[in-house]
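Reader: I have a model open on my screen and would like to learn how to read it. Could you take me through it, a feature at a time?

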Amino acid sequence: MLKVWIDQDLCTGDGLCEEIAPDVFFGMDDGLFYVKESAENFGTEKLFDGVANPGGAEGMARFPEGLLEAVIDAAEECPGECIFIETE
Ligand code: SF4
């Protein structure tokens, strides 16, 4: 299972991650970026108590194998170095 999360404390809000992998990363009203288990990937958007994502490791989202390259690209390009990929 592939999972990814963002440490919002380090996010610069530039949006590069969403440009590279919009099915995984998205911006919220606070100007920071978050991860999602999007409907495109898993049939339904994963919600956390009605909020799209609480952020940090608590908001970790699964993503499909087909997006691994894009997620790695995003993590490498991320100026905040705050995208963390986990495999288990
Ligand atoms: S690329 Fe990194 S720093 Fe930029 S918005 Fe995404 S998570 Fe934040």
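Author: Let us start with glutamate 69, which is exposed at a relative accessible area of 65%; buried means under 20% relative accessible area, exposed over 50%, and partly exposed in between, with a 1.4 Å probe and protein chains only. Please keep in mind that this is a predicted model, where local features need pLDDT of at least 70 and side-chain atom pairs count only at pLDDT 80 or more, while totals for chains, interfaces and linings use all residues. Residues are numbered from 1 along each chain as its sequence is written, and side-chain values use heavy atoms, with hydrogens and water left out.

Reader: In which helix does glutamate 69 lie?

Author: Helices (H or I, at least four residues) and strands (E, at least two) are DSSP runs, numbered from the N terminus. Glutamate 69 belongs to helix H3, residues 68-77.

Reader: How many helices and strands does the protein have?

Author: There are three helices and five strands, and along the sequence they follow the pattern β-α-β-β-α-β-α-β. Of the 88 residues in the protein, 41% are buried.

Reader: What share of the contacts join residues at least 24 apart?

Author: Contact means heavy atoms within 4.5 Å. Among contacts between residues at least 6 apart in sequence, 57% join residues at least 24 apart.

Reader: Is tyrosine 34 buried or exposed?

Author: Tyrosine 34 is in strand S3 and counts as buried because its relative accessible area is 7%. Leaving aside neighbours within four places in sequence, tyrosine 34 has contacts that include Ile6, Val24, Phe26 and Pro54.

Reader: Where is aspartate 30 found?

Author: Aspartate 30 sits in the loop between strand S2 (25-27) and strand S3 (33-35). At a relative accessible area of 45%, aspartate 30 is partly exposed.

Reader: Which residues come nearest to the ligand?

Author: A residue is near a molecule if one of its heavy atoms lies within 4 Å of it. Of the 14 residues around the ligand, Cys11, Asp14, Gly15, Cys17 and Cys78 come nearest.

Reader: How many nonpolar, polar and charged residues does the shell around the ligand have?

Author: Ala, Val, Leu, Ile, Met, Phe, Trp, Tyr, Cys and Pro count as nonpolar, Asp, Glu, Lys and Arg as charged, and the others, Gly among them, as polar. The shell has nine nonpolar, four polar and one charged residues.
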